[in-house]
Amino acid sequence: MIVTQLSLSEVLNQSGLDPALLTIAEKVKAGERITDEEGLLLFEKGELGFVGALANYIAERLHGSKVYFNRNFHIEPTNVCVFTCNFCSYSRQYKHRDDGWELGQEQMLDMVRKYDGQPVTEVHIVGGVHPKMNLEFFCEVLTKIRDHRPDLHIKGFTAVELDYMFRKAKLTVEEGLLKMKEAGLQSLPGGGAEIFHPDIRNIICADKVDADGWLLIHETAHKLGMHSNATMLYGHIEKYEHRIDHMSRLRNLQDKTGGFNCFIPLKFRNKDNDMSNVPESSIVEDLRLYAISRIYMDNFRNLKAYWPMLGRQTAQLTLSFGVNDLDGTIDDTTKIYSMAGAEEQIPSLSTGQLCDLITAVGRTPVERDTLYNELKVYDEQPA
Ligand code: V47
Ligand code: SF4
């Protein structure tokens, strides 16, 4: 089913529209940035149809009908973690490590070898923060992967994992990142950002790297020529103003460095964690959030909906609300979401299925690499 949004001129000609919302629509038409207050107003008063029309206009202006995906796979080295984020369904404390997993270097390399001869372009490495898996261990893993398959882009380690490793190794952020870059790391995923504002961060994930630490790692990576992504964990106890505060800090850093590839809102899932009493957000709220992110984050070209977590149908819907990227993948091996109650228990989509999902809503699938270079435009159905 194709969701048809109102055009921007239809929105501008609507009678009885709140004058402040009309100003926002005019700014969008002129390609101008909206303020924090206007972002907040969109959360408070912007109906789904209104924000959807604006977001769709921006996404089509930037990307036409193109929707990106990539072919990647995940390595999750361990779910043992020294931190105690209340929303996490995935981690196990070190003293309970027998309930979790800890991969050795050879096991990780076997996962890479499994894709020999297959056209994957990216490996995404992310996991818990294991007290014994240190910088040296991961530098060795990176180099082994790079030596085995130099064409594979290695995107790995959240700022949370890096912050812990660098501290343990008594290195500055720049020294640590340089070591990892030399070993083979090419870009950073966006995890660990959660909600930056201390009023929320101190409740949901008090003991890990704070907002300034997270932002410093990404800023330094950008300075060293590496790109990264940014996430926001939404739909739990945060208020609209915390979302705007979070997005504002990212927008400011992007103004400074231009190093973020994409923004990825992550919907909080409440199964088997210490926040299971917190209800999950509705699909309407999810779609509004995607649309408002697209409108507010004017210097992020790409807005990603991570389908294993949202479910393929909701992810498909987001394509009419500003999203232009579905991540991937032919074989997504992540457990972070399935353990938190995500829609997709065994997240795996073939390229053909992913293309069908995109074409079914009138868009054009485009395979990209990690840095958003276009590899193939699927005008026709793939063989
Ligand atoms: O930081 C953990 C989130 C993130 C839950 O950069 C949860 O391309 C919802 O960041 N409900 C890690 N979310 C994963 C991540 C990611 C995923 C896909 C692509 C990219 C990318 C990055 O997972 C964590 C946290 O925000 N998370 N538990 C939960 N219960
Ligand atoms: Fe550890 Fe990450 Fe889970 Fe927090 S979200 S407990 S840092 S694995």
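In this predicted model, a polar side-chain atom of K155 lies 2.7 Å from an oxygen atom of ligand 1. Ligand 1 is surrounded by 23 residues, and the protein buries 96% of the 620 Å² that the ligand exposes when taken alone.

**Contacts of ligand 1**

- The side chain of E194 places an N or O atom 2.5 Å from an oxygen atom of ligand 1.
- G191 takes part through its backbone, with an N or O atom 3.2 Å from an oxygen atom of ligand 1.
- Two strands, β6 (227-234) and β7 (260-267), are the elements that give two or more residues to the shell around ligand 1.

**Composition of the shell around ligand 1**

- The closest of the surrounding residues are K155, G190, G192, E194 and K304.
- By residue class, the shell around ligand 1 comprises 10 nonpolar, 7 polar and 6 charged residues.

**Packing of helices α3 and α12**

- Two packed helices are described by the angle between their axes and the distance between the axes.
- Helix α3 covers residues 36-45 and helix α12 covers residues 283-296; their axes lie 10 Å apart, at an angle of about 160°.
- Angles over 145 degrees count as roughly antiparallel, and α3 and α12 are therefore roughly antiparallel to each other.
- The crossing in which α3 passes α12 is right-handed.

**Packing of helices α2 and α3**

- Helix α2, formed by residues 19-30, has an axis that comes within 10 Å of the axis of α3, and the two cross at roughly 120°.
- Because of this angle, α2 is oblique to α3.
- The crossing in which α2 passes α3 is left-handed.

Definitions and conventions
Residues numbered from 1 in each chain as written. Chains lettered and ligands numbered in written order. Predicted model: local features only at pLDDT ≥ 70, side-chain atom pairs only at ≥ 80, totals over all residues. Heavy atoms only, no water. Near = heavy atom within 4 Å. Polar contact = N/O pair within 3.5 Å; in protein donor to acceptor, adjacent residues only side chain to side chain. Areas by Shrake-Rupley, 256 points an atom, 1.4 Å probe, with all protein chains shown as cover. Helix = DSSP H or I, 4+ residues; strand = E, 2+ residues; numbered from the N terminus. Nonpolar A, V, L, I, M, F, W, Y, C, P; charged D, E, K, R; others polar. Axes fitted to C-alpha atoms, helices over the stretch in contact; angles between N-to-C directions. Parallel < 35°, antiparallel > 145°, perpendicular 65-115°, else oblique. Left-handed = near helix turned anticlockwise from the far one by under 90°.
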